Amino acid sequence: IKMLLPLLVAKVTYSEQKTSNGNHSKIFNLVIDEANNILSDRSSIESEKWKDYRLDVFEEIIKEGRKFGYYLTIASQRPGDISATIVSQVHNYFIHRLVNDNDLKMLQNTLSSLCLLSTSDAADDTTCVKLVGRRKLKKKKKNTQQKKNKRT
């Protein structure tokens, strides 16, 4: 059911968006967390025919969905397990510490340049800038005014 329910939601909402959004006035963004569990081409718990159908639906959405105002946001700690077709269509990346060799190889093949990051760094890549940006993340300090308000 963990693969069936997201497939049904995606199929129904995408079909509805395609038919009802001729003027592109509505935007729909489907967010899939733990995408490696749903968008993997290595699943062994289903038949090949069912796996092909599931991936065909999501691959069509990620390739064609923008024309209809339908967007797919995927999050995964294991991007190397996601279908290569889907990963090749991704436009923006937010990359945090990855240690798995398959994930790192996939990213190196997908991104034109990739810097090695320490545990407190993050990288982002966008279609308009072909360089990977490096950001040092800092913990946010609590506002002293908020502390005073809590005391009173």
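Reader: Where is D81 in the chain?
Author: This is a predicted model, in which local features need pLDDT of at least 70, side-chain atom pairs count only at pLDDT 80 or more, and totals for chains, interfaces and linings use all residues. Residues are numbered from 1 along each chain as its sequence is written, and side-chain values use heavy atoms, with hydrogens and water left out. Helices (H or I, at least four residues) and strands (E, at least two) are DSSP runs, numbered from the N terminus. With those names in hand, D81 lies in the loop between β2 and α4.

Reader: Is D81 buried or exposed?
Author: Buried means under 20% relative accessible area, exposed over 50%, and partly exposed in between, using a 1.4 Å probe and protein chains only. D81 has a relative accessible area of 17%, so D81 counts as buried.

Reader: Which residues does D81 touch, leaving out those up to four places away in sequence?
Author: Touching here is a contact, that is, heavy atoms within 4.5 Å. With residues up to four places away in sequence not counted, the partners of D81 are N36, L39, S40, D41, R42 and D103.

Reader: D103 also sits in α5, I think. Which residues of α5 are buried, and where on the helix are they?
Author: The buried residues of α5 are D103, M106 and L107. Seen down the helix axis, they fall within an arc of 95° (taken from the directions from the axis to the C-beta atoms), so they line one face of α5. Their cover includes α4 and β3.

Reader: How many residues does α1 have, and how far does α1 reach?
Author: Helix α1 covers residues 4-20. The expected span of a helix is 1.5 Å times one less than its number of residues, and for α1 that gives 24 Å, close to its actual reach from first C-alpha to last. So the count and the reach are 17 residues and 24 Å.

Reader: What do the buried residues of α1 pack against?
Author: L7, A10, T13, Y14 and Q17 are buried in α1. They fall within an arc of 150° seen down the helix axis, so they line one face, while L5, V12 and T19 on the other side are exposed. The elements that the buried residues pack against are β1 (28-32), α3 (48-64) and β2 (70-74).

Reader: How far apart are N29 and T13 in space?
Author: N29 is in strand β1, and at 41% relative accessible area N29 is partly exposed. N29 touches Y71, L72 and T73, not counting residues up to four places away in sequence. T13 is 16 residues from N29 in sequence, and C-alpha to C-alpha the two are apart by 9.9 Å.

Reader: What is the phi of E34?
Author: Most residues other than glycine have a negative phi. E34, in the loop between β1 and α2, is partly exposed at 33% relative accessible area. Its phi is positive although the residue is not glycine, with a value near 55°.

Reader: Which element gives the largest share of the lining of the largest pocket?
Author: On a 1 Å grid over the protein atoms alone, a pocket is an open set of points where a 1.4 Å probe fits, with protein on both sides within 12 Å along at least five of seven lines, and lining residues have an atom within 4 Å of a point. The largest pocket has a volume of about 700 Å³, and of its 26 lining residues the closest to its centre are I74, V90, N92, Y93 and F94. At least two lining residues come from each of α3, β2, β3 (93-95) and α5 (101-110). The largest share, 5 residues, comes from β2.

Definitions and conventions:
Points joined across faces, edges and corners; volume = space filled by probe spheres on them.
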